[in-house]
Amino acid sequence: MAGPAPGRRLRPLAALALVLALAPGLPTARAGQTPRPAERGPPVRLFTEDELARYGGEEEDQPIYLAVKGVVFDVTSGKEFYGRGAPYNALTGKDSTRGVAKMSLDPADLTHDTTGLTAKELEALDEVFTKVYKAKYPIVGYTARRILNEDGSPNLDFKPEDQPHFDIKDEF
């Protein structure tokens, strides 16, 4: 039994090529050209503890940042909550993961360290992280000490350049 004639086999491929060539918004490359990479958002910024401390809401003309789970959020739009003298100002300018998990403003809890947190506290952390910070505030970067291995210990080996989808728009 003979297969389809060679001309019949190429017709669907030719149609697909035509659709791809005429479709608006799809990247195309001409022969000999390298296709351009997809557009990306602004570059990811890594903050040391000292750099993050500069964004604690004390300066009127500075943005206000806080980190949870190693992700730095711009909470300037919530200035009434996070600005100088506001109720949650103690969380700003640092990674306050433990304080968020424990719902605590105690200075001893305003740290990235999650050692010893209960399952209930870790669940609360994930809920607030997703439903409050990720839902309301833009991600502006990550702490240099990006944390939370599977066991809750600090991830000291994290390197952003090794992460396959380390992109502000796609992270978490």
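Me: Which residues make the nonpolar surface patch of about 270 Å²?

Reply: That patch is made by Phe81, Tyr88 and Leu105. In general, patch residues have over 30% relative accessible area and no salt bridge, with nonpolar side chains (Val, Leu, Ile, Met, Phe, Trp, Tyr) joined within 5 Å and like charges within 9 Å. Accessible areas come from the Shrake-Rupley method with a 1.4 Å probe, and for residues only the protein chains shown count as cover. A salt bridge would be a side-chain nitrogen of Lys or Arg within 4 Å of a carboxyl oxygen of Asp or Glu. Keep in mind that this is a predicted model: local features need pLDDT of at least 70, side-chain atom pairs count only at pLDDT 80 or more, and totals for chains, interfaces and linings use all residues. Residues are numbered from 1 along each chain as its sequence is written, and side-chain values use heavy atoms, leaving out hydrogens and water.

Me: Where is Tyr88 placed?

Reply: Look in the loop between α3 (79-82) and α4 (97-102). Helices (H or I, at least four residues) and strands (E, at least two) are DSSP runs, numbered from the N terminus. Tyr88 is partly exposed, because its relative accessible area is 39%; buried means under 20%, exposed over 50%, and partly exposed in between (1.4 Å probe, protein chains only).

Me: Which way do the residues of strand β2 point?

Reply: In a regular strand, side chains alternate between the two faces of the sheet. In β2 (residues 65-68), Tyr65 and Ala67 point one way while Leu66 and Val68 point the other, and all are buried.

Me: How many bridges join β2 to strand β3?

Reply: Strands pair if DSSP finds at least two bridges between them. Here β2 and β3 (residues 71-74) run antiparallel and are joined by four bridges, with Ala67 opposite Val72. Their hairpin has two residues between the strands. Lys69, in that loop, isn't a glycine, yet its phi is positive, about 55°. Lys69 counts as buried because its relative accessible area is 13%.

Me: Is Met103 buried or exposed?

Reply: Met103 counts as exposed, because its relative accessibility is 63%. You'll find Met103 in the loop between α4 and α5, and its phi is positive too, near 55°, in a residue other than glycine.

Me: How many residues does the largest nonpolar core have?

Reply: A nonpolar core is a set of buried Ala, Val, Leu, Ile, Met, Phe, Trp, Tyr and Cys residues joined through side-chain atoms within 4.5 Å. The largest one has 19 residues, and those with the most contacts inside it are Leu66, Val68, Phe73, Val75, Tyr82 and Tyr133. At least two residues of this core come from each of β2, β3, α4, α5 (119-136) and β4, and α5 gives the largest share, four residues. Another core lies apart from it, with six residues, among them Leu52, Tyr55, Ala67 and Val72.

Me: What is Thr143 in contact with, leaving aside its neighbours within four places in sequence?

Reply: Contact means heavy atoms within 4.5 Å. For Thr143, in strand β4 (residues 139-143), the list is Leu46, Phe47, Leu52, Ala67, Gly70, Val72 and Asp95. Thr143 counts as buried because its relative accessibility is 8%.

Me: Which residues does Gly56 touch, not counting those up to four places away in sequence?

Reply: Asn89, Thr92 and Gly93. Gly56 sits in the loop between α2 (49-53) and β2. The C-alpha atoms of Gly56 and Ala90 are separated by 8.2 Å, though they are 34 residues apart along the chain.
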